[in-house]
Amino acid sequence: MSQAVQPKSIKPKTDTPPAASATAGASNVATQEEDELTMVKLIILVVAIVLSSVLSAAAAMYVLGPMVLVPAIVAQMPEGGSAEGEDTEEKGDAEAHGNSVGMNLELEEFTVNLKPDPTRRGNQYLRAKIAMSIKVPPEQDCAALAEHEAPAEGGGGGHGGGAPAGDPMEACSKKFNSHMSRYVPSIRDIVNTALMSRTSGTLASSDGQEALKDDVREEVNHLIASDGYEVIRVNFSDFIVQY
């Protein structure tokens, strides 16, 4: 009889020993942790560099600001500050145009027919009073004369001492008006011509009235400049346009 043969035990075949596999896994985890740690260190280093730069710039501004920036800004400002600089400039303009307001020349009332306005029916005419402030040579400036004469009068006393024989200001004004009287007819002609060349619509606006003043001032200055006179302003009063 044949004898039964026991089968041989079959062992599973493995490519890698268990110990080697565990070692490889541990190595991969260690490498990943090392990479993450390196990245964290790099981020911390970058943040530290940025903070250091910001703090250094702030420290430089704190130290150099009062020493460099403030003097540079002050050097660009007008002398004495902006407000005082503006006041000085305004005073300079006033001095350039003369401190005196000038002598006043009043003309009799004007009543003139205006240029026909196509937007309105009928005729329109203007009624106005005109006065001019005229700058005169220093020796004829009545205001300056009054300032020089005031101290000689002894400080304004005299309720019972009698009035002075003559008022220098009044005498000076009369002399000015007498001298200007020879110009008055020509000045009135200039004003009449300027008024009659304008329509009621033109004179209804402030710009139109200012343009009228400029034209009159320019023409009158041509007339009186030879005597050292200059029209500073042209003033209208009772300026009424009637239809």
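Analyst: The side chains of E109 and R127 meet in a salt bridge, at 3.5 Å from N to O. This pair joins distant parts of the chain, since E109 lies in the loop between strand 1 (103-106) and strand 2, R127 lies in strand 3, and 18 residues separate them. The model is a predicted one.

User: Are E109 and R127 buried, exposed or partly exposed, and why?

Analyst: The class follows from relative accessible area: under 20% is buried, over 50% is exposed, and partly exposed is in between. E109 has 36%, so E109 is partly exposed. R127 has 25%, so R127 is partly exposed too.

User: How many salt bridges does a search of the whole structure find?

Analyst: The search finds eight. One of the eight is the pair D238 and K129, whose side chains meet at 3.8 Å, N to O. D238 is partly exposed because its relative accessible area is 40%. K129 is partly exposed because its value is 37%.

User: Which salt bridge involves D215, and where do its two residues lie?

Analyst: The side chain of D215 meets that of R198, at 2.4 Å from N to O. D215 belongs to helix 7 and R198 to the loop between helix 5 and helix 6; the two are 17 residues apart, and this pair also links distant parts of the chain. On accessibility, D215 is at 33% and therefore counts as partly exposed. R198 is at 12% and therefore counts as buried.

User: Which residues does S133 contact, leaving aside its neighbours within four places in sequence?

Analyst: Contact here means heavy atoms within 4.5 Å. S133 sits in strand 3, and its contacts are V101, M103, N104, E230, V231, I232, R233 and N235. For R233, the two C-alpha atoms are 5.2 Å apart in space, although 100 residues separate S133 and R233 in sequence. S133 counts as buried because its relative accessibility is 7%.

User: What share of the contacts in the chain with a separation of 6 or more is between residues 24 or more positions apart?

Analyst: The share is 75%. The S133 and R233 pair, 100 residues apart, shows the kind of separation to look for.

User: How do I read a helix, taking helix 7 as the case?

Analyst: Begin with its span, then its buried residues, then what they pack against. Helix 7 (residues 206-224) has 19 residues and reaches 27 Å from its first C-alpha to its last, close to the 27 Å expected at 1.5 Å a residue. Its buried residues are G208, L212, K213, V216, V220, N221 and I224. They pack against strand 3 (125-135), helix 4 (168-180), helix 5 (184-196), helix 6 (200-203) and strand 4 (230-242).

User: Why does K213, a lysine, count as buried?

Analyst: The relative accessibility of K213 is 17%, and the limit for buried is under 20%, so K213 falls in that class. Leaving aside neighbours within four places in sequence, K213 is in contact with V234 and F236.

User: Which residues make the nonpolar surface patch?

Analyst: The patch, of about 920 Å², is made by M39, L42, I43, L45, V46, V47, I49, V50, L51 and V54. Among them, V47 is in helix 1 (residues 18-76). V47 counts as partly exposed because its relative accessibility is 44%.

User: What does the chain look like as a whole?

Analyst: The chain has seven helices and four strands, running α-α-β-β-β-α-α-α-α-α-β from the N terminus. Of its 243 residues, 19% are buried. The accessible surface comes to about 18100 Å², and 57% of that belongs to carbon and sulfur atoms.

Methods: Residues numbered from 1 in each chain as written. Predicted model: local features only at pLDDT ≥ 70, side-chain atom pairs only at ≥ 80, totals over all residues. Heavy atoms only, no water. Expected span 1.5 Å × (residues − 1). Buried < 20%, exposed > 50% of the residue type's maximum accessible area, 1.4 Å probe, protein only. Patch = residues over 30% accessible without salt bridge, like charges linked within 9 Å, V, L, I, M, F, W, Y side chains within 5 Å. Areas by Shrake-Rupley, 256 points an atom, 1.4 Å probe, with all protein chains shown as cover. Salt bridge = Lys/Arg side-chain N within 4 Å of Asp/Glu carboxyl O.
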